[in-house]
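Reader: I have a structure open and I'd like to go through it piece by piece. Can you take my questions as they come?

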Amino acid sequence: MNMIKPEVASYGSWRSPITTDLITARTIGLGQIALDGEDIYWSELRPSEQGRTVVVRRTANGQIQDVTPAPFNVRTRVHEYGGSSFLVVDGTVFFTNFADQRIYRQDVGTEPQAITPETAMRYADGIFDRQRQRIICVCEDRTIAGREAINTLVSIELKKDSQPQLLVFGNDFYASPRLSPDGSRLAWLTWNHPNMPWDGTQLWVGEVKTDGSLGDTQQIAGGLDESIFQPEWSPDGNLYFISDRTGWWNIYRWQDGNVESLTDMKAEFGRPQWLLGMSTYAFESANRIICTYTQQGTWHLASLDTTTSQLKPLATPYTEIGAIQATPGRVVFRGSSPTELTAIVQLNLTTGIVEVLRRSSDVTIDAGYLAMPQPIEYPTADGQIAYALFYPPQNRDRTAPEGEKPPLIVKSHGGPTAATSSSLNLSIQYWTSRGIAILDVNYGGSTGYGREYRQRLDGLWGIVDVDDCVFGARYLVERGKVDGDRLAISGGSAGGYTTLCALTFRNTFKAGASYYGVSDLEALARDTHKFESRYLDRLIGAYPQQRQLYQQRSPINFTDRLACPVIFFQGLEDRVVPPNQTEAMVTALRAKGVPVAYVPFEGEQHGFRKAENIKSSLEAELYFYSRIFNFELAEPIKSVVIENL
């Protein structure tokens, strides 16, 4: 067999089949999953439909069809990030519509009908109370301008313009209302400022009275320093939940007034609850839970016997698993791996057969163009260890000139309480297939490594995360893996803040890209939405009491130290990080004569959903690096105005 010899081309100049058109035009986001008898429902975010989210149904005979007609967009804005925006009952879908945030009822073959009034209320995380023919859900009341939103649990009758009835109120936040199988008890999570749900939540249970209101209530678990995640009732009426009381999120059961542990592992069975309705386990039966947990950055699927507490691994090809739903004999989940894009997957628990129901993309890419993530641990500041995934350049048709080392982009994820993923991510492969290495960092504060690692960031945001990114880049330079003169850092949201801090307060990186990144912590403390409005109390300190710390850690106050080129991307309707923060940074760099580019997007919020904007931002970032690091592009892409270059 004649092997074609790879063409020699400089790193960054490799021609790649992984184009922005390939990434955007044929890719969808797969979200929530719901089971209704034999039918399976899920939500699809479609960049090609202006970022619209649609509910899709797959029937028992395998037919797949859209449920939600245009222009309806199934997305709630509770906590701004949303989550759990629809539920299904006997073929009827109830969903929150993005444009007006009302709940709509959609019976098979009919147009959606609003069942909540036209007012400034948002709804999410709904469950169906069959006995009383009503929905119980989280409600966010925004009816009074200038007042902080009020979050409650409410019930909603299934008739047109039904006024929500208050069930639980008085705390800052609520989540996960869950009704016992006999309808007699309601469980829920609640927490108050300044906690985020991964810091500390409380699990409550209330008796549901005949008229539907709540009687006696009691706290079951949780507190200021214990995070409870995903309460669920078993089919036989016991309450299960995930708690990190040992320092790791494990599974517990409340039975006969006692709490007992079912798993005791240095593993995370839970996730940070940025979205409502997240699910890492489900009941296949009263005696069997199907669950997922992560160790060292890899997620595993397992079966947990609730009578013996025995945990048995279930073999799947997936390393990232979520959105678990189960019924007797099967489990449906979202799965992905370093070689498999995200898919909705069904596993037959009897035969072990894995069936892919829907892929996020029908794109197939030759493995010769895919860089495999290499998990690395490396020493960082103060004798600590940090974690990351390293992706070396990979392209079967190209090789670099002898002695040349690749540019590196360090990726700082958002959150900051989030984590990198080993899933096949075409936006990462876009870089590696062009000859640019990626280091995806799980800096201190990331989830997946226990509560202690998560709390490394407390009071030290802008320091620990930056250290871990800087030390990671240096670690690769010292090992001869990358070019120390062509180091860039890129991140979005909180990752954008880490990026801007690394560029401002350190001198390791030679360029950077900020996607809707925080530059002014004071502005963020004063002008962000309720869910995150006290997040910084833990990450930085109380405001305004520790205002000086906020000023010291804000890149906007130290633009005199920022001397390397930066490109900024910003949605103009972003409420989480408003455009004025980005624009202030751009103005400062422009005045200082530092090369700077600014790419704003009309109609986008926090994170880009439209195909054309996802495409534009990737291409603009590549163009920017090509000019800064002085490499030729393999194909023409639209240029970006870089001032002061």
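Author: One term to begin with: contact means heavy atoms within 4.5 Å. This is a predicted model, in which local features need pLDDT of at least 70 and side-chain atom pairs count only at pLDDT 80 or more, while totals for chains, interfaces and linings use all residues. Residues are numbered from 1 along each chain as its sequence is written, and side-chain values use heavy atoms, with hydrogens and water left out.

Reader: OK. Which residues is Glu268 in contact with, leaving aside its neighbours within four places in sequence?

Author: Trp248, Trp249, Thr292, Tyr293, Thr294, Trp299, Gly448, Tyr449, Gly450, Arg451 and Arg454.

Reader: Where does Glu268 lie?

Author: In the loop between strand E21 (258-261) and strand E22 (281-285). Strands (E, at least two residues) and helices (H or I, at least four) are DSSP runs, numbered from the N terminus.

Reader: And is Glu268 buried or exposed?

Author: Glu268 is buried, at 0% relative accessibility. Buried means under 20% relative accessible area, exposed means over 50%, and partly exposed is in between, using a 1.4 Å probe and protein chains only.

Reader: What does the side chain of Glu268 reach?

Author: The backbone nitrogen of Gly450, at 3.1 Å.

Reader: New topic. Where is Ser16 found?

Author: Ser16 sits in the loop between strand E1 (7-8) and helix H1 (20-25). Its relative accessibility is 5%, so Ser16 counts as buried.

Reader: What does the side chain of Ser16 make a polar contact with?

Author: With the side chain of Ser433, at 2.7 Å. The Ser16 side chain also reaches the backbone nitrogen of Ile18, at 2.9 Å. Beyond its neighbours within four places in sequence, Ser16 is in contact with Asn395, Ser433, Arg434 and Glu635. Ser16 and Gln394 are 378 residues apart in sequence, yet their C-alpha atoms are 9.9 Å apart.

Reader: Helices now. How many residues does H4 have, and how many are buried?

Author: H4 (residues 464-478) has 15 residues. Of these 15, 11 are buried, so H4 is largely enclosed by the rest of the structure. Among the buried ones are Val466, Cys469, Ala473 and Leu476. From first C-alpha to last, H4 reaches 21 Å, close to the 21 Å expected at 1.5 Å a residue; the expected span is 1.5 Å times one less than the number of residues.

Reader: What follows H4?

Author: Gly480, which has a positive phi near 75°.

Reader: How about H5, how many of its residues are buried?

Author: 11 of its 12, so H5 is also largely enclosed by the rest of the structure. The buried residues include Tyr497, Leu500 and Cys501.

Reader: You mentioned cysteines. How many disulfides are there?

Author: The search of the whole structure finds 0, where a disulfide is a pair of cysteine sulfur atoms within 2.5 Å. For Cys469, the nearest cysteine sulfur is that of Cys501, 10 Å away.

Reader: Which residues have the most contacts inside the largest nonpolar core?

Author: Leu408, Val410, Leu439, Trp461, Phe509 and Leu536, in a core of 103 residues. A nonpolar core is a set of buried Ala, Val, Leu, Ile, Met, Phe, Trp, Tyr and Cys residues joined through side-chain atoms within 4.5 Å. H4 gives this core its largest share, 7 residues. Phe509 is in contact with residues including Cys469, Val470 and Ala473.

Reader: Last one. How do E10 and E11 run?

Author: They run antiparallel, joined by 7 bridges; two strands pair if DSSP finds at least two bridges between them. Arg122 stands opposite Glu140 in E11. Their hairpin has 4 residues between the strands, and Gln133 there takes a positive phi near 50°. In E10 (residues 121-129), 9 of 9 residues are buried.

Conventions:
Polar contact = N/O pair within 3.5 Å; in protein donor to acceptor, adjacent residues only side chain to side chain.
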